[in-house]
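Q: I would like to learn how to read some local features of a protein model, one at a time. Could we begin with how the elements along a chain are named?

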Amino acid sequence: MANQPKGSKGSARTSTGSTKAERASRRAEVAAELRRQQVREQRRSRLIMASSVVIAIVIVVGAVVAIGLNHGPKSGKASTLAPAAVVSAVTGVPTSVFNSIGPGTADNPPTAIKGGTALTQGGKPRILYVGAEYCPYCAADRWGLVAALSRFGTFKNLGVTHSASGDVYANTPTLSFHGASYTSKYIVFKGYERQSNKISGGSYADLDTLSKSDLALFDKYDNPPYVQSSAAGTIPFIDWGGLYLTSGASYLPTMLAGKTHLQVAQAMSDPTSSAAKAIDGTANVFTAMICKLTKGQPANVCGSAGVTAAASKIK
Amino acid sequence: MAKQPEVGVGPAPRTLTWATFVLAIAGLGVSAYLTYEHFTGSKTLACPDTGRINCAKVTTSSYSHFLGMPVALLGLIFFVVLVVIMSPWAWTSTQPLVRPARWVIVVVGLISVVYLVWAELYKVNAICLFCTSVHVITFLIFVLTLFAEVLREPV
């Protein structure tokens, strides 16, 4: 090989012994490696750029969320003892008005609890209500519930309040069971307002604490399979003697907007008002529900036309 | 001279493209539920209600409409389009408009998410868990699309 004349024709060998083909192959390999390197570098820089974009978005959105979470909602007005005129108007709706309305525009009637066992206290059917003062749907339902329960017994220390000012159907006027008591010879009623409409530490302040057994009932029956999974934990929640339940409101609070407590209470005795059709209709349905538990007692209430008409709504 | 390798024009990683498709279907399911809730006017508080977490307050607020259209419905339409454009067939499509269209949609989705999160936290003062899941899904789709494009094979 060393004697091979340089540049002689008929031979592709170089002084180092490689052929043209081998050199071309090496050049191709180097070029391919360069390409691969370029690709890797381009990919790397694209990945760095993409990661930077994602990190920047996370930082911006994270800051928006962090600041926003400390940007609390507004508090509502505190509850006070219900004026006598309001209590008297709510508990004194004439039977003739109830009868003319029947189920009215009330919706979402109580439904039977499959496999439910009777809930009693002192030999009387026990009714459990769970709501909260900020909740506008609870605000709507309380009027009818108080009117119904007042046909079987007497409330003491009912409160008046409004649903939260920063919530949907803001400032709906309503009553409150917080601090109230109820006595009846037919039934036992326990009402809890779990939270107030006042903000404390970014959420509504705690109010009434459910007893262990009532919390167990609420957790059991306000969840599937007793209510739809989308409505789990819904308030207002009413357990009717362990046999029926109501989850959610009977009507939308729209018609109560802008009214005072006394205006709502007085409207309940005007059978032409939309408020009466909704509230008294709800009261009749709830009364019919209670009559199922008391086995038709008292007869003058349970046998009234409005209540018997509303009874057909209960499933 | 050797031709410069073109990064980002080959096929995108299948794992990422399938992930965008699955997420788009999940988003479609949640947005369909929110649309159903919107049009049935549910009287129930349909998600855990601890004051700040309140779906009904968000879905019935003035921010639940945009240019007169329910946001829930806009979300549903968005995810229908997203399911189509994130499908494995769309990812392998050679139609020149598919890639730009995909970018426009995910970027519009991301901007909408930022606007809706701002509205929830600063205007409505409540958080809707269902809406939040839609927001997270939209953000993840954006991130996966970004990386799927970046990691496309060279040709």
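Predicted model: local features only at pLDDT ≥ 70, side-chain atom pairs only at ≥ 80, totals over all residues.

Q: What is the peptide bond from Gln297(A) to Pro298(A), cis or trans?

A: The bond from Gln297(A) to Pro298(A) is cis, with omega near -10°. A cis peptide bond also joins Pro224(A) and Pro225(A), where omega is about 10°, and Pro225(A) sits in the loop between α5 (212–221) and β12 (237–240) of chain A.

Q: Which disulfides are there in chain A, and what pattern do they follow?

A: In general, a disulfide is a covalent bond between the sulfur atoms of two cysteines. With the bonded cysteines counted along the chain, the disulfides of chain A have the pattern 1-2, 3-4. One of them links Cys135(A) and Cys138(A), whose sulfur atoms are 2.4 Å apart; this link is right-handed, with 85° about the S-S bond, and both Cys135(A) and Cys138(A) are buried. Another joins Cys291(A) to Cys302(A), with an S to S distance of 2.0 Å. The torsion about the S-S bond of Cys291(A) and Cys302(A) is about -90°, so this disulfide is left-handed. Because Cys291(A) belongs to helix α7 and Cys302(A) to helix α8 of chain A, the pair ties together parts that are 11 residues apart in sequence. Cys291(A) and Cys302(A) are both buried.

Q: How many disulfides are there over all chains, and which cysteines of chain B are joined?

A: The count over all chains is 3. In chain B, Cys128(B) is joined to Cys131(B), with 2.4 Å from S to S, and with 80° about the S-S bond the link of Cys128(B) and Cys131(B) is right-handed. Cys128(B) counts as buried because its relative accessibility is 0%, and Cys131(B), at 11%, counts as buried too.

Q: Where does Ser176(A) lie, and is Ser176(A) buried or exposed?

A: Residues under 20% relative accessible area are called buried. Ser176(A), found in strand β7 (residues 173–176) of chain A, has a relative accessible area of 1% and is therefore buried. A polar atom of the Ser176(A) side chain lies 3.1 Å from the backbone nitrogen of His178(A). When neighbours within four places in sequence are left aside, the residues in contact with Ser176(A) include Glu133(A), Arg142(A), Thr161(A) and Glu193(A).

Q: What is the phi of Asn108(A), and what is the phi of Asn157(A)?

A: Asn108(A) is not a glycine, although its phi is positive, at about 55°; Asn108(A) is in the loop between α3 (95–101) and β2 (111–112) of chain A. Asn157(A), likewise not a glycine, has a positive phi of about 60°, and its place is the loop between β5 (153–156) and β6 (159–162) of chain A. Asn108(A) is partly exposed at a relative accessible area of 23%, and Asn157(A) is partly exposed at 45%.

Q: Which residues form the nonpolar patch on the surface?

A: Phe66(B), Leu67(B), Met69(B), Leu74(B), Ile77(B), Val81(B), Tyr115(B) and Trp118(B) form the patch, with about 710 Å² of accessible area together. Helices α3 (71–85) and α5 (98–124) of chain B each supply at least two of its residues, and the largest share, 3 residues, comes from α3(B). Val81(B) lies in helix α3 of chain B, and at 36% relative accessibility Val81(B) counts as partly exposed.

How values were computed. Residues numbered from 1 in each chain as written. Chains lettered and ligands numbered in written order. Heavy atoms only, no water. Patch = residues over 30% accessible without salt bridge, like charges linked within 9 Å, V, L, I, M, F, W, Y side chains within 5 Å. Areas by Shrake-Rupley, 256 points an atom, 1.4 Å probe, with all protein chains shown as cover. Salt bridge = Lys/Arg side-chain N within 4 Å of Asp/Glu carboxyl O. Helix = DSSP H or I, 4+ residues; strand = E, 2+ residues; numbered from the N terminus. Buried < 20%, exposed > 50% of the residue type's maximum accessible area, 1.4 Å probe, protein only. Polar contact = N/O pair within 3.5 Å; in protein donor to acceptor, adjacent residues only side chain to side chain. Contact = heavy atoms within 4.5 Å. Disulfide = S-S within 2.5 Å.
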